[in-house]
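Subject: Structure for your files

Dear colleague,

Here is the structure I said I would pass on. My notes on it follow below.

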Amino acid sequence: MVNSQISVAGMETSPTIGKPPISPPATSPESPLPVVAMTFTQAAAYCSGCHATNATNAAAKEKLVGTENITTWVNNKDAIVSAVDSDLMPPSPLSEPSKASFLKFARDPRQ
Ligand code: HEC
């Protein structure tokens, strides 16, 4: 009981409110920019040329079809994330910033 009283008293003398924010580690060169998710329209533009319902790429549509519909993204979320994360898709892989922004959308697809 003595120890718990000391610990409570210690907490009271170390308030977290009003403390300065913790600095990033010295090894961090600069804080990365926060990744902003693409919109559905932006993400679909990378895929719909081959995977939209009205596209003419039979081989592509055999694997994934209907990228103009948000439900396709929800129902195929894992396959889409995996294909883009591994640079399999799109056939000309996205730049790193675009890929991060695409994946942020694809992991939580909403219109
Ligand atoms: C230029 C045409 C083209 C574009 C653009 C394209 N794809 Fe594909 N995609 C294909 C073709 C062809 C296949 C089937 C052959 C293969 O699996 O490589 C395919 C296969 C896939 C598959 C199945 C992969 C597997 O493991 O079998 C997924 C998932 C996929 N595409 C997602 C996407 C997404 C998401 C985008 C947009 C970021 C995209 N594709 C853009 C042509 C395309």
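Of the 111 residues in the protein chain, 14% count as buried. Please keep in mind that this is a predicted model. The secondary structure comes to 7 helices and 0 strands, and the pattern along the sequence reads α-α-α-α-α-α-α. Taking contacts between residues at least 6 apart in sequence, 48% join residues at least 24 apart.

The helix pair H6 and H7

Two packed helices are described by the angle between their axes and the distance between the axes. For H6 (residues 77-85) and H7 (residues 96-106), the angle is about 170 degrees and the axes are 10 Å apart. Angles over 145 degrees count as roughly antiparallel, and H6 and H7 are therefore roughly antiparallel to each other. On the H6 side the contact is made by Lys-77, Ile-80, Val-81, Val-84 and Asp-85, and on the H7 side by Lys-99, Phe-102, Leu-103 and Ala-106. Sorted by class, this contact has 6 nonpolar, no polar and 3 charged residues.

Ser-82 also has its place in H6. Is Ser-82 buried, partly exposed or exposed? Ser-82 is partly exposed, because 13 other C-beta atoms lie within 10 Å; the cut-off for buried is 20 or more, and exposed is 12 or fewer.

The buried side of H7

Which residues of H7 are buried? They are Phe-102, Phe-105 and Ala-106. These residues cover an arc of only 95 degrees around the axis, so they sit on the same side of H7. Glu-96 and Pro-97, on the other side of H7, are exposed. The cover over the buried residues of H7 includes helix H2 (40-45), helix H5 (70-75) and H6. Apart from its neighbours within four places in sequence, Phe-105 is in contact with Ala-37, Met-38 and Ala-43.

The nonpolar core

The largest nonpolar core has 11 residues in all: Ala-43, Ala-44, Cys-47, Cys-50, Trp-73, Ile-80, Val-84, Met-89, Phe-102, Phe-105 and Ala-106. H2, H6 and H7 are the elements that give two or more residues to this core. H7 gives the most, with 3 residues.

Regards

Technical notes
Residues numbered from 1 in each chain as written. Predicted model: local features only at pLDDT ≥ 70, side-chain atom pairs only at ≥ 80, totals over all residues. Axes fitted to C-alpha atoms, helices over the stretch in contact; angles between N-to-C directions. Helix = DSSP H or I, 4+ residues; strand = E, 2+ residues; numbered from the N terminus. Parallel < 35°, antiparallel > 145°, perpendicular 65-115°, else oblique. Contact = placed C-beta atoms within 7 Å. Nonpolar A, V, L, I, M, F, W, Y, C, P; charged D, E, K, R; others polar. Arc of directions from axis to C-beta. Core = buried A, V, L, I, M, F, W, Y, C linked by C-beta atoms within 7 Å.
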